[in-house]
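Hi everyone, thanks for coming. Please take a look at the picture first, and then I'll walk you through it.

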Amino acid sequence: MVPCNPIFLVILGVVVCFMIRWMLFKTGLIYTVKKLYRMIQDWFHVYQFLKVPEFNESMQRNQLYRKVSLYLHSLPSIEDSDFTNLITSSNQNDIVLRLDPNQTIEDRFLGAKLFWFKQKIEPDRTGAFVLKIRKTDKRRILHPYLCHIHAAADEMEHQGKYHHLRLFMNATGAGGTRWRSVPFNHPATFETMTMEKDLKNKIKSDLESFLKAKQYYGRLGRAWKRSFLLYGPSGTGKSSFVAAMAKFLCYDVYDVDLSKVGGDSDLKCLLLETTPKSVVVVEDLDRFLAEESESAVTASGIQNFMDGILSSCCAEERVMVFTMSSKECVDPNLLRPGRVDVHIHFPVCDFSAFKTLASSYLGVKDHKLFARVEEIFRRGASLSPAEIGELMIANRNSPSRAIKSVIGALQTNGDGRRHKEIIGRQIGGNDVDESQEMMVCGGDGFSTVKDLRKLYGFFKLRNARRTQSSNSLVHDR
């Protein structure tokens with residue numbers, strides 16, 4: 001038998017080790033080995049499973065679920081999961097990872113291994129996170145671990161890294177929760193609001209004081225909430241103010257559509273399902289009260305929603321906002337202190353607001369036509385900020401033309417109020433088909449209008465007729 005060369009055996013061993021290492025790390029063998037090792041560990045350890053549902057028994061949102069979601073999606077180990085979802089965040093340029101249902105991610109805390117996976121419950125499309133923890137580690141680390149998750153999630157929300165505002169809307173005939181949500185990306189801020197500077201500063205100061213007043217409200221025995229009434233004509237900026245308030249507070253928005261509420265008890269249940277740190281909005285309350293007989297919700301139910309026992313118990317750390325066109329025909333008892341804390345009037349545009357709009361929309365702080373605009377405003381003519389803003393957007397490439405269009409609209413409308421809007425959006429210069437109609441957003445709603453070019457044509461035709469009349473008069477003389 002030929003003896004083997006020791007050097008050859010060493011070289012052969014190195015080659016075999018290299019091939020095994022290559023096969024393990026360049027193929028799925030290393031993953032298979034790890035998975036097999038984990039299964040063997042499971043045979044020798046007893047695990048307990050703890051579920052964190054998205055909603056509790058009364059269908060209120062579970063705040064721990066939200067914090068666990070923030071925490072898990074920030075773990076580096078989510079990248080090692082078999083399946084993860086790639087989605088865009090509120091910033092369309094950011095791509096984030098989201099855990100796929102029934103996929104496991106691993107976490108380590110105080111020397112212990114913990115496993116998380118997500119379950120999806122199909123009938124009502126709600127979900128739950130499930131924590132898999134060794135029973136030998138549970139007593140030692142569970143409480144500190146949950147405190148760690150709370151602290152990490154709060155820190156991420158404070159830094160604004162993972163908290164994105166959402167707009168919730170109530171739906172009818174839906175199983176499970178009656179709120180459906182979409183990302184809330186409204187661009188309005190207090191800086192872009194057309195409002196007197198002193199009033200704006202007072203509102204911001206009031207909101208900042210509210211955020212710091214938890215202990216103060218508790219000492220008084222009152223629910224930690226603040227109520228606002230926004231009243232004024234359509235298009236004066238009430239909805240934009242709500243958006244600016246939500247962004248300033250970093251609160252989600254719950255928009256209550258009273259026409260979809262099944263009754264007073266259903267309205268209370270909707271309030272129960274809202275979360276802390278939210279703005280609860282009821283729009284056009286005066287119109288709803290005028291048509292109360294056609295709705296399942298009563299005025300008494302609205303009053304209880306505003307300041308009843310249920311509101312005091314479950315409205316902690318919430319801001320409630322009610323909007324109206326006018327409060328003259330509303331029972332003053334509905335708006336008494338305690339139900340509504342702050343009343344804010346949103347008037348139609350005056351000359352001061354016009355200058356603010358011209359600066360924001362056109363980048364113009366002064367113009368030779370400003371004196372003429374001021375004179376027209378002094379005569380009592382007015383338009384809503386939304387109407388003036390729409391005219392400026394339509395003519396943003398020419399400040400002079402934009403201001404002239406505002407002057408024309410003010411002169412035509414008189415007091416700025418007509419049954420149908422005359423504000424339209426110009427398209428691509430002067431060549432516009434006069435028969436074309438479009439939908440334009442004017443403040444709180446949508447209107448079908450003729451193109452603004454038609455208005456200019458009317459003025460030109462009227463001026464031409466005046467010229468012809470003058471010429472004929474001179475000819476007769």
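Let's start with a contact: which residues in α8 meet which residues in α10? On the α8 side we have Asp264, Leu267, Lys268 and Leu271, and they meet Gly301, Ile302, Asn304 and Phe305 in α10. Contact here means heavy atoms within 4.5 Å. The residues of this contact divide into four nonpolar, two polar and two charged. For that sorting, Ala, Val, Leu, Ile, Met, Phe, Trp, Tyr, Cys and Pro count as nonpolar, Asp, Glu, Lys and Arg as charged, and the others, Gly among them, as polar.

Before going on, a word on what you are looking at. This is a predicted model, where local features need pLDDT of at least 70 and side-chain atom pairs count only at pLDDT 80 or more, while totals for chains, interfaces and linings use all residues. Residues are numbered from 1 along each chain as its sequence is written, and side-chain values use heavy atoms, with hydrogens and water left out.

Now the overall view. The protein chain has 16 helices and 15 strands; helices (H or I, at least four residues) and strands (E, at least two) are DSSP runs, numbered from the N terminus. Of the 477 residues in the protein chain, 39% are buried. Buried means under 20% relative accessible area, exposed over 50%, and partly exposed in between, with a 1.4 Å probe and protein chains only. Among contacts in the protein chain with a separation of 6 or more, 67% are between residues 24 or more positions apart.

Back to our helix pair. Two packed helices are described by the angle between their axes and the distance between the axes. The axes of α8 (residues 264-272) and α10 (residues 299-307) come within 9 Å and cross at roughly 20 degrees. Axes are lines fitted to C-alpha atoms, for helices over the stretch in contact, and angles run from 0 to 180 degrees between N-to-C directions. The two helices are therefore roughly parallel to each other; angles under 35 degrees count as roughly parallel, over 145 as roughly antiparallel, 65 to 115 as roughly perpendicular and the rest as oblique.

Phe354, Leu357, Ala358, Tyr361 and Leu362 in α12 meet Pro385, Ile388, Gly389, Met392 and Ile393 in α14. Here the division is nine nonpolar, one polar and no charged.

Next, the sheet. In what order do the seven strands of the open sheet come? The order is β8-β7-β10-β11-β12-β9-β13, with mixed pairing. At the edges stand β8 (179-183) and β13 (342-345), each with a single partner strand, so one side of each is left without a neighbour in the sheet. From one strand to the next, the twist averages 20 degrees.

Let's step through some of the pairs; two strands pair if DSSP finds at least two bridges between them. Strand β7 (residues 166-170) runs antiparallel to β8, joined by five bridges, and Arg166 stands opposite Pro183 in β8. With β10, β7 pairs in the parallel sense over three bridges, and Leu167 has Val253 in β10 as its bridge partner. Val253 in turn stands opposite Val279 in β11. Five bridges join β10 (residues 252-256) to β11, and these two run parallel.

How many of the five residues of β11 (residues 278-282) are buried? Five of the five are, so β11 is largely enclosed by the rest of the structure. Ser278, Val280 and Val282 point one way from the strand, and Val279 and Val281 the other way. In β10, four of the five residues are buried, so that strand is largely enclosed as well.

Last stop, the loops. Most residues other than glycine have a negative phi, and most peptide bonds are trans. Leu110, in the loop between β4 (104-109) and β5 (112-121), has a positive phi near 50 degrees. Leu110 is exposed, with a relative accessible area of 52%. Asp284 has a positive phi of about 55 degrees and sits in the loop between β11 and α9 (285-290). At 28% relative accessibility, Asp284 counts as partly exposed.
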